[in-house]
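I opened a new notebook page for this structure.

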Amino acid sequence: MKRGKKAALLTLLYILVTAGLGAEEYPRIEPSPWTSGIGSLDGPPAVSQLIEASLFASGLGEQDFPEYRNRIHSLLSGLPGYVREKSGALPAGEAVLHYLHEKLFTRYAEPQTLIHVSLDTGRYNCVSSAVLYAIAARFAGLQVEGVVTPDHAFCRVIENGTGTDVETTNPYGYNPGQKREFINAFGQTGFTYVPPGNYHLRTSIDERELVGLILQNRISRLQRENRIDLAVPLAVDRYAMTRTERTEAEMRKEFINYTSVLNGERRFDEALEFLDAVRLRWGENDEYSNILDTLLYNSSVIAGREGREEEALARLSFRHGMGDLSEESFLKYRHILGDGLIYRYSTTRGPLDSLTELERLHDDGLISDATYREYLAVLHIRRAKEIALDQGDLAALEYFRDHELQKSTDQRIRQAFEIFTHNAAAFYHNRFVALFREKRYREAGNLIQEGLDELSGNPLLLRDQQILRQAQNP
């Protein structure tokens, strides 16, 4: 499909889908103004913007923003004087750290990421303490950045052209590798400090990414609780705030995760609609093709087994028309649907009805030649067994001959034909034995001839005929 046509179709689809997204209460995939605004800045955000972003990232309701914004400003109001007072004894960055631990921080609590909770309780973890330190350091006129390691976060202050690590969870965390008090106390957090020399274990991040760690921690918790629907908008906001390749990849991962949840709940059309909206809003991605294939495969299997043929064909035809399915894939999923339909028919209907349905599905191109031959053999054998139970093995053989199945090269049909033939021959043989023992030779001869007329050249009946002749002509 030409790109222009596909784009037009996607645009129309997006209008329809976004209307549906609201109706179905899908996760929000548009960034919040709070995060997209700070993410679009060319330079570092202002302190006020960092405060707003950190409160939003913490999940605080907008109605409570004024209260907590004022509480942060009240906290910061005494900082300049404190830094001046300590200027003879401490670097400014260390004075900021001491100030927070004296005025706000009371106890380390590993899961406590939220800024407003820190303001309410004094409890903090590495992320909430680092974000509050970054805000305070910027308010004090310092240049600050974040540092992340595999399981931890802290800050780095640039003073007079020199960078100094600040382990914000500890009052002795300024330039932590140089302080015995820090070494003795740091184990309480359960983390390992990574010094500057271990560059492969630490990554520098800007202030927006540091605030984004609040969202990351909230996302991680929601993932553990299997609330992917709530994790999706947070991942969108985190990317909108930070605009990094890593957070973009993690946003797309949440899109896939939510689509997978819908897939697991068999909400296939909702999953496809959500994925369409994501693709149009955030662009294509190779991983979307994989989840699209999974959705179409599973939806075709389930639709086939539940007999929802028209629904599945409409879905596949639409995806084919959109250019989401190649001709080869389109045929593959039609066959998957057909496999489910004939399986359902063959397990709920009799063999005659199933054979009729098999022919229709094959004529409509919904099953492959291989599947057609497979079910043709199985259903004919099942029908022959029905006849054998009702009318005897000779009638089953007649059914085989009427459908020229005795000429089949299918091993199962050949084996079934041999079994019916053997059973029919045994029927004549057993009656022959009874007549022979009573020396009713004429009747026995007529019976064997009847059997040979039906089963020409049958070895068992030919042997019975030979025994009868020997008895008649000793």
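Is the crossing of H13 and H14 left-handed or right-handed? I found that this crossing is left-handed, meaning that the near helix is turned anticlockwise from the far one by less than a right angle.

I noted the basis. The model is predicted, with pLDDT of at least 70 needed for local features and 80 or more for side-chain atom pairs, while totals for chains, interfaces and linings use all residues. Residues are numbered from 1 along each chain as its sequence is written, and side-chain values use heavy atoms, without hydrogens and water.

**Helix pair.** Helices are DSSP runs of H or I with at least four residues, strands runs of E with at least two. I looked up H13 (residues 268–282) and H14 (residues 286–306), which pack at about 160° with axes 10 Å apart. H13 and H14 are therefore roughly antiparallel (angles over 145 degrees count as such). I then listed their contact (heavy atoms within 4.5 Å). H13 gives residues including Phe268, Leu272 and Arg279, and H14 gives Tyr288, Leu295 and Ile302 among them. The contact divides into 11 nonpolar, two polar and one charged.

**Pocket.** I turned to the largest pocket, with a volume of about 860 Å³. A pocket is an open set of points on a 1 Å grid where a 1.4 Å probe fits, with protein on both sides within 12 Å along at least five of seven lines; lining residues have an atom within 4 Å of a point. I counted 38 lining residues, with Leu213, Gln216, Asn217, Arg218 and Ser220 nearest the centre. H10 gives the largest share, 10 residues. The lining divides into 16 nonpolar, 10 polar and 12 charged.

Definitions and conventions. Grid points are joined across faces, edges and corners, and a volume is the space filled by probe spheres set on the points. Ala, Val, Leu, Ile, Met, Phe, Trp, Tyr, Cys and Pro count as nonpolar, Asp, Glu, Lys and Arg as charged, and the others, Gly among them, as polar. Axes are lines fitted to C-alpha atoms, for helices over the stretch in contact, and angles run from 0 to 180 degrees between N-to-C directions. Angles under 35 degrees count as roughly parallel, over 145 as roughly antiparallel, 65 to 115 as roughly perpendicular and the rest as oblique.
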